[in-house]
Amino acid sequence: MQYLKQLLLIFLLSLSLPLLAQKQTVYVFEMKDEIGPAAWRLTQKAFAKAKESGAEAIIIDMNTYGGMVEYADSIRTKILNSPIRTIVFIENNAASAGALISIACDKIYMSPSANIGAASVVNEKGEVLPEKYQSYMRGRMRATAEATKRNPLIAEGFVDPEVEIPGLKPKGKVLTLTATEALKVGYCDAEVAGIDAVIKAEDLGGSTIINHQVSLLDKVLSFLISPAISGLLIILIIGGIYFEMQAPGIGFALLVSVVASLLYFAPLYLEGLAEHWEIGLFLLGIILLLLEVFVIPGFGVAGILGIVCLIAGLALSLVLNDWFDFTVTGPEKLTTAVLTVIGAMVAAIIVSVIFGKSLMRSPVFQRLVLQDEQRSQQGYVSGRQVGALIDKTGVAKTDLRPSGKIVIDGKWYDGVSLDGFINQGSEVLVVKQENYNVFVRKINS
């Protein structure tokens with residue numbers, strides 16, 4: 001009987017050995033750029049893949065000077081709600097938004113030369129923003145510290161220079177901690193030399209290490225949503241629309257505008273910035289402008305609303321909001337986005353006016369345009385009697401910019417101005433007729 005029990009015990013142990021030998025998995029990803037849409041997308045993908053791989057822990061290899069508060073707050077929330085243990089290794093810097101993300105993690109490890117803190121909210125020029133912004137950031141820092149059982153007063157000291165912490169921080173200075181100082185006050189679990197040392201300190205030695213790989217698509221998206229590229233794409237969008245309206249029917253300018261629109265909105269949509277309604281607002285603006293030019297000419301309500309919708313769609317897609325709720329983003333970033341769009345629009349129109357004519361005469365552009373003319377001397381005729389209206393006078397029933405509607409002898413025709421813009425109601429003289437288009441000049445009264 002005793003012999004049978006021993007055999008049974010050996011059999012059970014043999015079954016459990018594979019389970020005992022099963023390795024744990026640790027998922028590692030880097031956060032070493034400015035905190036923004038790309039960092040938020042990176043975090044979402046990394047946590048999703050860590051969950052798929054059954055990771056025991058997620059390690060964030062951090063070195064950042066901060067970034068956008070709204071995205072740092074989203075990353076912080078993701079970390080706090082994660083069922084997987086989160087660890088951050090601060091390689092050199094965890095400033096501002098980086099500090100908020102770090103204290104959301106279950107464990108903080110720092111290299112001997114690292115710093116954490118300096119989390120006051122500033123603008124693009126590094127100027128400290130008004131109290132309401134600091135108040136929001138103080139609240140986020142304090143709540144995060146409380147959630148991870150760290151001293152909330154120290155978290156407030158990262159933001160507010162008026163917070164006094166005896167023996168650590170006097171009034172008038174924003175708190176930044178070295179690794180040694182952070183270790184003393186519980187904002188660092190240990191000073192380590194690198195990720196391998198973090199794994200050893202967490203008793204994860206022998207685990208399978210999965211390093212997150214940034215895809216080519218992620219790199220392209222990060223490039224396209226950079227402020228400089230976004231501004232350039234807006235110039236191409238507006239320039240293409242303006243050029244197409246000045247020379248309708250060519251198509252090349254419209255194609256440039258469409259491609260630029262796709263490159264502008266697609267990355268912002270994938271990053272969670274541009275919503276369906278914001279893209280719809282942009283498209284509505286285009287439709288209103290087309291109606292103003294081709295259906296109800298005469299710069300009025302449709303044209304003004306079209307421009308407003310165009311600017312709103314482009315600008316709102318640049319900032320995080322919830323149906324015009326800018327609590328997290330703040331009006332400062334919205335103002336910056338609107339000014340960026342308006343500046344790019346003005347630049348696009350100026351560039352189109354200066355270079356438009358020379359572009360149309362360039363050899364490359366001429367290859368895209370049909371050069372042959374179907375002259376009447378060669379036997380070509382149109383559906384209407386060619387030349388029947390030449391030297392007749394009429395009245396512009398709409399503004400000609402350069403095309404519009406004219407009336408001759410009580411009949412309506414498609415008119416094209418050879419003098420540029422002609423106001424509605426002006427008398428015009430027919431100088432040329434081709435197919436269904438009547439070319440006119442303004443009669444100076």
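**Figure 1. Overview of the protein chain.** The protein chain contains 15 helices and 13 strands. The model shown is a predicted one. The chain has 445 residues, and 43% of them count as buried. Of the contacts between residues at least 6 apart in sequence, 61% link residues at least 24 apart.

**Figure 2. Packing of helix 2 against helix 3.** Helix 3 covers residues 69-80, and its axis lies 9 Å from that of helix 2, at an angle of about 15°. The two helices are therefore roughly parallel, since angles under 35 degrees are counted that way. Their crossing is left-handed. Helix 2 contributes Pro37, Ala39, Trp40, Thr43 and Phe47 to the contact, and helix 3 contributes Tyr71, Ser74, Ile75, Lys78 and Ile79. Sorted by class, these residues are 7 nonpolar, 2 polar and 1 charged.

**Figure 3. Packing of helix 2 against helix 9.** Helix 2 (residues 37-52) also meets helix 9 (residues 216-224), with axes that come within 10 Å and cross at roughly 160°. Helix 2 is therefore roughly antiparallel to helix 9, because an angle over 145 degrees falls in that class. The crossing of this pair is right-handed. On helix 2 the contact residues are Ala38, Arg41 and Lys45, and on helix 9 they are Leu217, Asp218, Leu221 and Ser222. The contact comprises 3 nonpolar, 1 polar and 3 charged residues.

Figure 4. Helix 11 spans residues 252-270 and includes serine 261. The relative accessible area of serine 261 is 12%, so this residue is buried; the cut-off for buried is under 20%. Once neighbours within four places in sequence are set aside, serine 261 is in contact with Ile237 and Phe282.

**Figure 5. Alanine 118, a residue with positive phi.** Most residues other than glycine have a negative phi. Alanine 118 has a positive phi, near 50°. Its place is the loop that runs between strand 5 (115-117) and helix 5 (131-147). With 35% relative accessibility, alanine 118 is classed as partly exposed.

**Figure 6. Aspartate 409, in a loop between two strands.** Aspartate 409 is not a glycine, yet its phi is positive, at about 55°. The loop that holds aspartate 409 lies between strand 10 (403-408) and strand 11 (411-417). Aspartate 409 counts as exposed because its relative accessibility is 60%, and the class begins over 50%.

**Figure 7. Glycine 172 and its contacts.** Glycine 172 sits in the loop between helix 6 (152-157) and strand 6 (176-178). Its relative accessible area is 51%, so glycine 172 is exposed. From C-alpha to C-alpha, glycine 172 and glutamate 162 are 5.4 Å apart, with a separation of 10 residues in sequence. Apart from neighbours within four places in sequence, glycine 172 is in contact with Pro161 and Glu162.

How values were computed
Residues are numbered from 1 along each chain as its sequence is written. This is a predicted model: local features need pLDDT of at least 70, side-chain atom pairs count only at pLDDT 80 or more; totals for chains, interfaces and linings use all residues. Side-chain values use heavy atoms; hydrogens and water are left out. Axes are lines fitted to C-alpha atoms, for helices over the stretch in contact, and angles run from 0 to 180 degrees between N-to-C directions. Helices (H or I, at least four residues) and strands (E, at least two) are DSSP runs, numbered from the N terminus. Angles under 35 degrees count as roughly parallel, over 145 as roughly antiparallel, 65 to 115 as roughly perpendicular and the rest as oblique. A crossing is left-handed if the near helix is turned anticlockwise from the far one by less than a right angle, and right-handed if clockwise. Contact means heavy atoms within 4.5 Å. Ala, Val, Leu, Ile, Met, Phe, Trp, Tyr, Cys and Pro count as nonpolar, Asp, Glu, Lys and Arg as charged, and the others, Gly among them, as polar. Buried means under 20% relative accessible area, exposed over 50%, partly exposed in between (1.4 Å probe, protein chains only).
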